[in-house]
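These are my notebook entries on a structure that I went through element by element.

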Amino acid sequence: MNLWPSKLQKVLSGGEGTPAEAPKPGRASGSAKPLPEGALALIPMRNTVLFPGVISPVTVGREGSVAAAQEAVRSERQVGFLLQRDPAKDKVGPDDLYWVGTAGEIARYVTAPDGSHHLVVQGQSRFRVLEFLEGWPFLVARVAMVEEAAEGGAEIEARFLQLKQQAVQAIELLPNAPEGLEAVVRGIGQAGTLADMVANFLDAKPEEKQGLLEAFGLRPRLDKVLALLGNRLEVLKISKVIGDQTRKAFDERQREHVLREQMRQIQKELGEGGESAAELEELKKAVEEAGMPEDTLKHARKELRRLERMGEGSAETSMLRTYLEWLTELPWKTEPGKPIDVAEARRVLNEDHFGLEKVKRRILEYLAVRKLNPEGKSPILCFVGPPGVGKTSLGQSIARATGRRFQRVALGGLHDEAEVRGHRRTYIGALPGNVIQAIRRAGSRSCVLMLDEIDKLGMGGFHGDPSSALLEVLDPEQNARFRDNYLGVDFDLSKVMFIATANVLDTIPGPLRDRMEIIQLPGYTEEEKIEIARRYLVKRQLEANGLKPEQAALTDAVLGAIVRDYTREAGVRNLEREIGAVLRHVAMKIAEGKAESVAVDAPDLQPILGARRFESELAQMTSVPGVATGLAWTPVGGDILFIEATRVPGRGKLILTGQLGEVMKESAQAALTLAKKLVDDPLEKVDIHVHVPAGATPKDGPSAGVAMYLALVSLLTGKPVRSDVAMTGEISLRGLVLPIGGVKEKTLAALRAGIKTVMLPRRNEKDLEDVPAEARARLAFVFLDKVEDAVACAIGELPRRPQEEAA
């Protein structure tokens with residue numbers, strides 16, 4: 001049985017080189033000092049483990065190894081073979097070797113023409129090193145031979161038979177197994193011999209083979225060999241299956257090629273399929289080049305084969321072709337990442353938008369993280385704020401700053417789940433959902449996709465719930481395998497940067513809101529609006545009206561007057577409309593030839609825009625007792641709210657008007673209960689009437705409690721509330737002022753209305769960090785712990801009650 005390379009076989013059989021003559025004493029060995037009894041000359045092995053009973057070729061090259069081999073030949077003694085721990089080491093010592101090895105006899109020693117030394121060694125028995133000896137030019141150690149214990153029994157026999165069966169199976173699966181090896185394995189009758197032989201031929205690491213050599217007991221050795229052989233057998237089985245599949249696939253491709261060629265010739269003879277065949281070939285090429293994942297490509301090929309079998313007159317042909325075109329036009333391929341420049345992104349954001357520092361910081365943080373971790377998940381942001389604050393334009397700026405393409409999906413009034421997930425192909429006119437359509441328009445999986453007006457999704461009905469369908473789209477843990485009903489295959493949305501916009505959070509379902517990172521965009525201050533108008537709005541309206549910058553001039557005084565007298569909003573949408581109206585007036589004068597350029601100043605606004613729409617009515621509204629100015633939050637920003645109270649003859653009832661909600665009614669009742677403590681009269685013969693103007697507008701919420709209390713106290717004491725003070729806060733029956741929300745919006749509303757002092761609950765003091773520094777500088781803030789603090793600030797010192805004076 002030939003198990004060695006052909007060239008080495010020639011050398012060992014004498015075909016090349018000459019057998020080395022046994023060295024004379026003192027010449028080859030370099031020392032006449034004999035080895036003591038029980039000692040062996042040692043040859044370190046780099047990556048080979050010799051087993052007892054195995055004949056193996058060994059090549060030696062190091063001086064010590066050559067000297068040890070020559071000494072063994074000269075003295076006709078066995079030589080020991082030990083495995084090195086580090087095969088790269090040339091000079092080894094006792095600590096570099098395993099201390100269990102195999103003693104063997106050198107059956108043949110050959111020196112090749114190139115000077116290399118080759119041995120044919122037969123392993124004899126295991127040994128354990130007791131101690132290393134010095135004084136020889138090669139490694140010498142005193143050893144103890146490990147005799148093979150005679151073990152038998154049913155367990156050994158069962159393992160022996162199992163090992164032989166697995167060894168035969170492995171040989172049958174080997175592609176180039178030596179001829180006759182299977183017969184040799186079947187003829188072995190001893191379990192230990194079979195275990196060592198199989199261990200020698202196993203494709204295992206040297207460390208694993210060393211572990212088998214050190215297994216002195218027959219049963220544990222058989223168990224280890226069975227485990228390693230079982231693992232190798234599974235690998236061989238899988239390799240065989242893969243090879244068979246490869247050959248089968250090759251045969252199928254050959255058969256398909258022949259059949260297609262025959263079909264092409266038949267169609268050519270019949271004069272059919274010219275244009276159709278060209279279209280199919282083009283579609284097939286597009287399918288192969290689209291870069292689809294393996295499962296999707298397999299599905300597309302299956303549908304393409306169906307299309308090829310259909311006739312041109314089939315009703316399904318057009319639908320199937322459209323479906324395959326959708327698949328090929330989607331961006332399946334992984335796109336090369338663009339280098340991220342955080343400084344450039346900051347410049348773009350500052351160029352496009354004034355203010356909004358928190359939003360800009362979040363975008364730059366995302367870019368910094370993506371630069372350090374390109375495989376990270378894209379954030380899902382939700383911009384919440386009043387109309388006109390720049391939510392949509394901010395999404396476009398983010399796309400520009402990040403170097404991505406931008407697409408927008410309008411969700412307002414969407415009531416059909418299929419608009420998100422797509423229609424099933426069983427329906428006529430079926431199409432993918434809006435998300436997949438937007439990805440196709442963008443032509444990129446790493447685009448910025450804006451989901452506009454997500455708070456205005458329609459309610460779920462028999463068409464399904466679109467908000468529930470969006471849960472999969474906006475979940476980073478699920479959208480990597482988003483399945484559109486029309487496509488019927490998974491599509492990866494994890495690289496898409498989703499940005500949602502909303503005016504209010506209350507109408508967004510909780511699970512959907514939980515998947516998004518909420519970023520509030522409150523209204524702008526007057527100075528911010530003027531700056532935005534100067535930087536962006538005037539320029540945009542000049543272009544829209546066909547004017548050049550030198551033809552029209554709007555001073556800051558004009559812009560300030562438009563902001564104060566003609567608009568009262570959180571955003572700048574109406575401000576842009578009014579600027580457009582002024583510039584249209586200028587454009588008409590220039591078009592008529594009345595002027596070449598027009599400068600508009602504040603006094604010119606009334607003839608152009610009409611009378612002022614907004615005036616400060618605080619002084620006259622609060623000049624009488626029983627009127628207080630509250631602050632309210634609305635979906636379009638903050639606003640001021642007047643609370644009016646009066647008393648009329650009656651039976652002690654509380655009358656509430658102004659379309660108030662249940663929470664606001666309860667706040668009024670609590671405020672009246674607290675206010676009664678300030679007067680002796682139990683008010684049994686009068687009715688208290690509380691009214692909130694703008695009765696056509698529904699109102700609700702707990703934050704008007706302080707304002708209602710002050711209006712009632714002012715009424716009952718006859719002292720008016722200061723006209724430059726506005727307040728917000730919830731009250732309890734113990735007189736405590738409780739925290740509320742929307743501090744930033746309410747503060748900006750107070751600033752727009754000309755308020756000088758704002759009273760807030762003490763526990764809302766931390767929320768002033770969100771208020772622009774300019775607004776904080778122009779307002780005075782009073783923080784309330786109890787309702788008495790509000791009375792002292794807004795009304796002043798009250799006369800003492802008779803009970804208190806008597807006390």
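**Charges over rings**

I began with the arginines and found that Arg440 lies over the face of Trp326, at 3.9 Å from the ring centre. The rule I used counts a charge as over a ring if NZ of Lys or CZ of Arg is within 6 Å of the ring centre and within 35 degrees of the ring normal. I also noted Arg425 over the face of Tyr323, where the distance from the ring centre is 3.7 Å.

Before going on I recorded that this is a predicted model, in which local features need pLDDT of at least 70 and side-chain atom pairs count only at pLDDT 80 or more, while totals for chains, interfaces and linings use all residues. Residues are numbered from 1 along each chain as its sequence is written, and side-chain values use heavy atoms, with hydrogens and water left out.

**Aromatic pairs**

I searched the whole structure and found three aromatic pairs. Rings of Phe, Tyr and Trp (its six-membered ring) pair if their centres lie within 6.5 Å, and planes under 30 degrees apart count as stacked, over 60 as edge-to-face and the rest as tilted. Helices (H or I, at least four residues) and strands (E, at least two) are DSSP runs, numbered from the N terminus.

For burial I used relative accessible area, calling a residue buried under 20%, exposed over 50% and partly exposed in between (1.4 Å probe, protein chains only). Trp99 is partly exposed at 35%, whereas Phe132 is buried at 18%.

I then turned to Trp332 and Phe491, whose ring centres are 5.0 Å apart with planes at 70°, so this pair is edge-to-face too. Trp332 is in the loop between helix H10 (315-329) and helix H11 (342-352) and Phe491 is in strand S12 (residues 490-491), 159 residues apart. Both Trp332 and Phe491 are buried.

**Positive phi**

Which residues other than glycine did I note with a positive phi? Glu76 has a phi near 50°, and Gln659 has one of about 55°. Glu76 is in the loop between helix H2 (63-75) and S4, and is exposed, with a relative accessible area of 73%. Gln659 is in the loop between strand S19 (654-657) and helix H23 (662-675), and is partly exposed at 41%.

**Cysteines**

I looked for disulfides, taken as a pair of cysteine sulfur atoms within 2.5 Å, and the count came to zero. I also checked the burial of Cys447, which is buried with a relative accessible area of 0%, and of Cys793, which is buried at 16%.

**Strand pairing**

Two strands pair if DSSP finds at least two bridges between them. S6 and S7 (residues 140-146) pair in the antiparallel sense over seven bridges, and I noted Arg128 opposite Ala144 in S7. These two strands form a hairpin with six residues between them, and Gly135 in the turn has a positive phi of about 115°. Strand S2 (residues 39-45) also pairs with S7 in the antiparallel sense, over three bridges, and Leu40 stands opposite Ala141 in S7.
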